Structures are given as structure tokens and as C-alpha cells.
Amino acid sequence: MKDKVFLTGGSGRIGRRVLSLLLQKGYSVRALVHRHKPEGFERNNVEFVQGDILDQEGMKELVQGFPFVVHLAAAWDMFPPAVYEKENNQLFESVIRGTYNLLQACYQMKELKLFLFASTDAVYATGPRSFEAPITEDTELHPSRFYALAKIVCETLCENYGKLYGLPWLIVRI
């Protein structure tokens, strides 16, 4: 049996696919689901726990003993133009506070090998912008809505938890 992975957003659009791949690779997974567990995952090496990333104390308990944390959970805004965003408070709580709570739960874990944060290509305004060359990590960030701005804030949190506390982190812009 390979290492254990704590996965947030296990029932989400991307989370279901990541969960399936982790299980195929032999990882033992504890998957946090907000409302319901995904269908088709009746295996012995997956544990579904219902919870909320806004519960900081709950996150501290759930991540213990898991050297890999993959953070995919977040509300998202379905691409509205910035002038129509009305759910910024929900996005702030889900994306920024949820990530903060997980970082707080993880940064003192001695066994933590990696905190993987799923960001978004929306940080480049990929919808309204066109690019002549491939997007790289050096491409200027240009959030066109609050969701993208919140993800940039979380990327900065991850980077600085690494600097301040030695938290091993990786950001994937999906």
C-alpha cells in the first residue's frame, strides 16, 4: 500500500477523477465530501467523510496521519463577468477561508510531505484574453473576476506558509 492522501472536493467535477486515479495507483484515500459521496467508489482503500473546509478544528482532526493533502474543494462562480458577481462573500469563505483552514491544519504536521493546491487558469483571464504564446508560470496574472483573485490569494498563502513554516507545497493551475 502506498502513502495515504487526504483529498478535499472528492465528489466534485475534478475530485472524482483525481480520486479514481489515486485509487488506481494504490493510494489509500480519505475523501472529504460536502454533501454526498460520489457513486462507483465502493473500494476498501477509500474512506468518505462528510465535512466542511470551513470547520478548522474538524480539518485538523481529519488530516492527521495523511502525508499528502490534495485541496480541490471550493465554490466556483460559473464565469460571470466581474460586474455581475454577487457571491463574493461565499467565494471568500469557500476559497480563501477554506484554504486557510486547511493550511492551518497542516502546517505543524510532522508527517506532511506535500500540500497540493488546485488553482485555476482563470488567474490569467483565459476567457476574455487571447495568447500568442503558450501560458507559462511567468505569464502575468490578470484576474478578471473575484474567483480568480481568490485563487491568487490562496496561491500566495501556500507560498508564504512554505516560507514561514516550511510547509511543502505545490500549486497546479487547472
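I looked up α3 (residues 88-106) and α4 (residues 146-165) and found them packed at an angle of about 15 degrees, their axes 10 Å apart. Axes here are lines fitted to C-alpha atoms, for helices over the stretch in contact, with angles from 0 to 180 degrees between N-to-C directions. Helices are DSSP runs (H or I, at least four residues) and strands likewise (E, at least two), numbered from the N terminus.

The model is predicted: local features need pLDDT of at least 70, side-chain atom pairs count only at pLDDT 80 or more, and totals for chains, interfaces and linings use all residues. Residues are numbered from 1 along each chain as its sequence is written, and side-chain values use heavy atoms, without hydrogens and water.

I therefore note α3 and α4 as roughly parallel (angles under 35 degrees; over 145 is roughly antiparallel, 65 to 115 roughly perpendicular, the rest oblique). Their contact (heavy atoms within 4.5 Å) includes L91, F92 and V95 of α3 and F146, Y147 and A150 of α4. By class I have 14 nonpolar, 3 polar and 1 charged residues there (Ala, Val, Leu, Ile, Met, Phe, Trp, Tyr, Cys and Pro are nonpolar; Asp, Glu, Lys and Arg charged; the others, Gly among them, polar).

Next I checked α2 (residues 56-63) against α3: the axes come within 8 Å and cross at roughly 45 degrees. That makes α2 oblique to α3. Q56, M59, K60 and V63 of α2 meet α3 residues including Y100 and N101.
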